[in-house]
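Here are my notes for your read-through. Keep the structure open beside them and check each point as you go.

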Amino acid sequence: MITRLLLLGATGDLAGRFLLPALAELTAAGQLPEGLQLVGAAEPDWDDARFAEHVAARLAEHAGDVPAAARQALVAGARYRRVDLGDPATVAAAVAASPGGGPVAAYLALPPSLFPAAVRALGDAGLPPGSRIAVEKPFGRDLADARALNALLAEATGGVEAAAFRVDHFLGMPAVAGLPALRAPGSALAGQWDGEHLAQVDVVWEETLDVGGRAGFYDRTGALRDVLQNHLVQTLTLLAMELPATAAEEDLHRERLALLRAVRVPAPSATRRARYTAGPAGRAYVDADGVDPARGTETLAELVLEVGTPRWAGTRFVLRTGKAMAADRKQVVLHLRAPAPDGLPPEVERVADDRLAIALDAAQQATDGVRVHAPGERTAYGAVLADVLAGGSRTAVSAAEAEEAWRFVDPVRQAWSDGEPPLLEYPAGSPGPDAD
Ligand SMILES: O=P(O)(O)OC[C@H]1O[C@@H](O)[C@H](O)[C@@H](O)[C@@H]1O
């Protein structure tokens, strides 16, 4: 059992807004492993007391809904070690920092450019058996890079696949995790789940948020790598895979991988990319600090995919994500070929006779950093951390799944960098280019 959580990047944005609040939530629910020791690690030259202040402030801001006693317990138990990823000895010291010497979960809440150095340093430090390394997304910049990162992880973990945890927090969102149940045998939608009944399925994640202060990261990433290649593709796997034969995690991963293998490489003409200009919602993307306009980074990405299985003959899967858009639209839309049946599950909204919508953010919305979720329901990062700490893998992507997702996204990335199709524009705060 994991007894220590080493949070690398503990002073950063991801830790402050999502991971520390999720730990507080799990503390309150009594769902952390008994005696778990939190060691925060980052570059600033802080001590335990300074880190405790930081954790308390982040929790006050982002986990105000968690009872104060649980927040205080987390703050009181937190330790801090300064690490410099260029100096692996500092990482080894952080691994050794907590007493007990049990298995460690090392969580890389770091910019992707630091993943290789962090994984190498953890490998050099030598993690005790039963330890895990959790890596955030994007997992690699392309297929070759993802393979290299998988090789490093295999080296650092002695080839134990379960020891490498490639996080995708969308898999922990209740609405995404619940997608397979919507067409379980007996459901009104069970008989609709194929190309004969569904002409098109949209997986949409449109945000009103612009890139804010993240332009330095975002400009090297873009909408395709930031959200579509991972979050939307994983949502697609849960929507379109065959239902696993059992509840076992290996069956789930087998079906997710089989679905990814069946996705055809889209032609460039089946893709769109765009970036926002100045508009009602604010200034142009290219005017944000840290943007190099010459890179041509997209803030909106769309792929129309086909899944080459008998079930999905004739269905178009449209995956679209964008920043600085007119409205927050985070949903799956089913376009039926005939009017939808009666007796739909409560999560499914009839928006037209032949069109159904499933909200992806119904139970959990991050509005100005305030967490809103149904009482007793876990947040996405609560589910991820519970999984990491308990040895689960439902919110993780396997090595093969990570590479397979790049197989059909890499050619798109390549075509885009060759200028095909051209980069479109949309005003910030608009529904996107040529909105349908
Ligand atoms: O709304 P959530 O749960 O933060 O998920 C969306 C976010 O997912 C992150 O992984 C992306 O980096 C962000 O750009 C995006 O906004």
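Is Glu249 buried, partly exposed or exposed? Glu249 is partly exposed, at a relative accessible area of 24%. (Buried means under 20% relative accessible area, exposed over 50%, and partly exposed in between, with a 1.4 Å probe and protein chains only.)

1. **Ground rules.** This is a predicted model: local features need pLDDT of at least 70, side-chain atom pairs count only at pLDDT 80 or more, and totals for chains, interfaces and linings use all residues. Residues are numbered from 1 along each chain as its sequence is written, and side-chain values use heavy atoms, with hydrogens and water left out.

2. **Glu249 and its partner.** The side chain of Glu249 forms a salt bridge with that of Arg394, at 4.0 Å from N to O. (A salt bridge is a side-chain nitrogen of Lys or Arg within 4 Å of a carboxyl oxygen of Asp or Glu.) This pair links distant parts of the chain, 145 residues apart. Glu249 sits in helix α10 (residues 249–262), and Arg394 in the loop between α11 (380–390) and β16 (396–397). (Helices, H or I of at least four residues, and strands, E of at least two, are DSSP runs numbered from the N terminus.) Arg394 is partly exposed too, at 37% relative accessibility.

3. **The ligand's surroundings.** Residues around the ligand include Phe18, His169, Trp205 and His231. (Near means that a heavy atom of the residue lies within 4 Å.) By class, the shell has 3 nonpolar, 2 polar and 5 charged residues. (Ala, Val, Leu, Ile, Met, Phe, Trp, Tyr, Cys and Pro count as nonpolar; Asp, Glu, Lys and Arg as charged; the others, Gly among them, as polar.)

4. A polar side-chain atom of Glu207 is 2.6 Å from a ligand oxygen. For Lys137, an N or O atom of the side chain lies 2.8 Å from an oxygen of the ligand. The side chain of Arg214 also has an N or O atom 2.8 Å from a ligand oxygen.

5. **Salt bridges in the shell.** Glu207 also pairs with Lys323 in a salt bridge, at 2.6 Å from N to O. The two are 116 residues apart. Both are buried: Lys323 has a relative accessible area of 7%, and Glu207 is at 10%. Arg214 forms a salt bridge with Asp226, with the closest N and O atoms 3.8 Å apart.

Key
A polar contact is a pair of N or O atoms within 3.5 Å; within protein, one must be able to donate a hydrogen and the other to accept it, and residues adjacent in sequence count only if both atoms are side-chain atoms.
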